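Here is a friendly briefing to read alongside the model.

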Amino acid sequence: MNTSTVTNEPRGKGFFGQPPGLSTLFFVEMWERFSYYGMRAILALYLYTAVTQGGLGMAESVAASLVLTYGSSVYLTGVAGGWLADRVLGAQRAIFYGGVLIMLGHVCMAFPGGYYTLGAGLALIVLGTGLLKPNVSNVVGGLYHKDDARRDAGFSIFYTGINIGAFASQLLTPALAAGPGFHWGFGAAAVGMALGLAQYVLGRGRLAGVGSQPVNPLPAHRRNQVLGRVGLIAVAAIVVLGAALAIFGVTGLINTITLVSILLPVAYFLVMFRSNQVTKMERDRLLSYIPLFVATAVFFLLFEQQAATLVIVTDQQTDTTLFGFDFPVGWFQSINPLAIIVLAPLFAWMWTRLGNRQPSTPIKFTGGLFFVALGFLWVVIAGLFRDEQGLLNPLMIAFVFVLFTVGELMLSPVGLSATTKLAPDAFSSQTMGLYFLAPALGQGVAAQIAKLYSEQHQDMYFGGVALVTFALAVLLALLSPRVKSYMHGVN
């Protein structure tokens with residue numbers, strides 16, 4: 001794989017001083033996230049809104065758990081997508097095929113077919129995101145040498161693209177849902193992914209071969225045998241999920257996916273540790289990655305409730321009138337990407353400016369846990385300032401999403417960068433898939449915890465989860481020197 005024409009691009013040239021291929025990945029991810037977050041912004045509302053008002057009429061607690069389960073499923077397929085890229089397709093083709101599946105999923109949801117089009121659409125999006133998401137991030141990592149000081153800044157710029165798409169879509173789709181209807185919002189998500197695919201095809205040449213071929217291709221004599229086994233595993237997974245849904249209903253499906261989200265990362269860590277293709281140093285780095293993985297899972301357990309329990313809080317308990325303007329409740333979710341657009345360049349500048357003096361990766365992760373916990377605690381604090389109608393102040397609740405953003409910038413882009421640096425060479429794309437099992441795990445567990453949420457016990461719910469997360473942040477800070485030692489120079 002020849003990456004020299006990309007990685008040796010001098011500073012001050014290319015895309016904001018980064019490798020020129022970053023622009024292609026920046027925009028394809030921007031449009032993919034436009035489609036993903038635009039649909040997600042209105043999904044919970046669609047699920048629990050009454051049928052007479054264009055929704056499906058689910059119970060609110062079930063809707064919240066289902067949204068978190070969907071989020072978990074999206075990330076669970078990342079390991080399969082990484083494996084297919086590493087062994088069969090190459091990352092570039094995996095990105096393209098994933099984008100096609102995502103677009104078709106949103107097209108399904110654009111048609112009013114009740115649970116049938118919803119189920120088909122979500123299934124296609126889950127499969128497509130598994131192909132696209134880990135591989136586009138892995139190709140970003142491939143644009144840089146492991147010791148390139150621009151890497152963290154490059155991932156922060158890449159993250160800005162994600163949030164430009166998320167911000168625009170989370171303004172547009174809630175407005176469409178509140179006006180013409182939910183399916184117009186789902187249709188806008190399909191258009192966004194189509195634009196992302198077109199941009200990717202046109203700009204693919206800038207990647208200079210990064211990810212064009214599998215890094216660890218299947219031997220020709222074993223290809224059919226291995227792919228046959230993979231096919232059988234896929235069929236078995238579909239049968240198990242279908243049986244859980246048919247026998248136990250939506251709750252059975254939610255519980256099954258939660259169990260998978262717990263077992264799969266454990267199994268995958270074991271596979272990588274036992275592989276004879278992983279060196280001693282790479283095993284040490286994998287060991288250092290475990291607490292970072294757990295911290296990421298805990299972070300997303302809280303963070304992804306923006307689309308679940310916090311939707312209920314903003315929809316039913318918060319004043320949505322500001323300066324005389326009544327805005328769609330889904331606009332609260334646009335605060336997070338807007339704050340990232342503003343703050344990510346500052347973080348990128350800060351990490352670049354600090355250079356080798358910047359905090360270690362474990363300390364950055366500690367900061368991420370601290371701020372997301374503070375966001376949950378802020379929900380409790382905001383409850384002390386209700387108006388005469390008992391409604392929460394919209395500006396107080398908006399600050400929750402800002403706190404989440406600071407935590408996200410401390411942890412998430414740094415996590416992407418650390419994963420590409422700590423990954424064993426033989427499991428390059430698959431380790432990025434493993435990274436996305438962390439938000440899968442977090443949301444899978446959150447789907448169970450969300451069942452405990454109720455307005456009557458709201459302070460106990462948000463405050464209790466916040467206090468546990470603060471404690472885990474302190475523990476990670478204490479373990480930081482040991483974790484850093486096992487990273488063998490990676491920071």
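K133 and E29 join their side chains in a salt bridge, with 2.3 Å from N to O; the term stands for a side-chain nitrogen of Lys or Arg within 4 Å of a carboxyl oxygen of Asp or Glu. K133 belongs to helix α6 (residues 115-142) and E29 to helix α2 (residues 21-48), so this pair ties together parts that are 104 residues apart in sequence. Helices here are DSSP runs (H or I, at least four residues), as are strands (E, at least two), and they are numbered from the N terminus.

Please keep in mind that this is a predicted model, in which local features need pLDDT of at least 70 and side-chain atom pairs count only at pLDDT 80 or more, while totals for chains, interfaces and linings use all residues. Residues are numbered from 1 along each chain as its sequence is written, and side-chain values use heavy atoms, leaving out hydrogens and water.

**Salt bridges**

- Across the whole structure, the search finds four salt bridges.
- Another salt bridge brings together the side chains of E304 and R40, at 2.2 Å from N to O.
- E304 sits in the loop between α10 (280-303) and α11 (309-316), whereas R40 is in helix α2, so the pair ties together parts that are 264 residues apart in sequence.
- E304 and R40 are buried as well.
- K280 and D284 also meet through their side chains in a salt bridge, 3.0 Å from N to O.
- Because K280 and D284 are four residues apart in helix α10, about one helical turn separates them.
- K280 is exposed, at 59% relative accessible area, whereas D284 counts as buried at 12% relative accessibility.

**Aromatic rings**

- The structure contains 27 aromatic pairs; rings of Phe, Tyr and Trp (its six-membered ring) pair if their centres lie within 6.5 Å, and planes under 30 degrees apart count as stacked, over 60 as edge-to-face and the rest as tilted.
- Y461 and F462 are both buried.
- These two rings belong to a cluster linked by ring pairs, whose members include F299, F300, F303, F401, F404 and Y453.
- Elsewhere, the charged end of R33 sits over the ring of Y36, 4.2 Å from the ring centre (NZ of Lys or CZ of Arg within 6 Å of the centre and within 35 degrees of the ring normal).

**Side chain to backbone**

- S72, in helix α3 (residues 60-76), is buried with a relative accessible area of 0%.
- From there, the S72 side chain reaches the backbone oxygen of A440 at 2.7 Å.
- Q333 is found in the loop between β2 (325-326) and α12 (335-354), and Q333 is buried with a relative accessible area of 4%.
- A polar atom of the Q333 side chain lies 3.4 Å from the backbone oxygen of A41.

**A nonpolar surface patch**

- V468, L472, L475 and L479 make up a nonpolar surface patch of about 330 Å²; patch residues have over 30% relative accessible area and no salt bridge, with nonpolar side chains (Val, Leu, Ile, Met, Phe, Trp, Tyr) joined within 5 Å and like charges within 9 Å.
- L475 has its place in helix α17 (residues 458-486) and counts as partly exposed at 45% relative accessibility.

Technical notes. Accessible areas come from the Shrake-Rupley method with a 1.4 Å probe; for residues, only the protein chains shown count as cover. Buried means under 20% relative accessible area, exposed over 50%, partly exposed in between (1.4 Å probe, protein chains only). A polar contact is a pair of N or O atoms within 3.5 Å; within protein, one must be able to donate a hydrogen and the other to accept it, and residues adjacent in sequence count only if both atoms are side-chain atoms.
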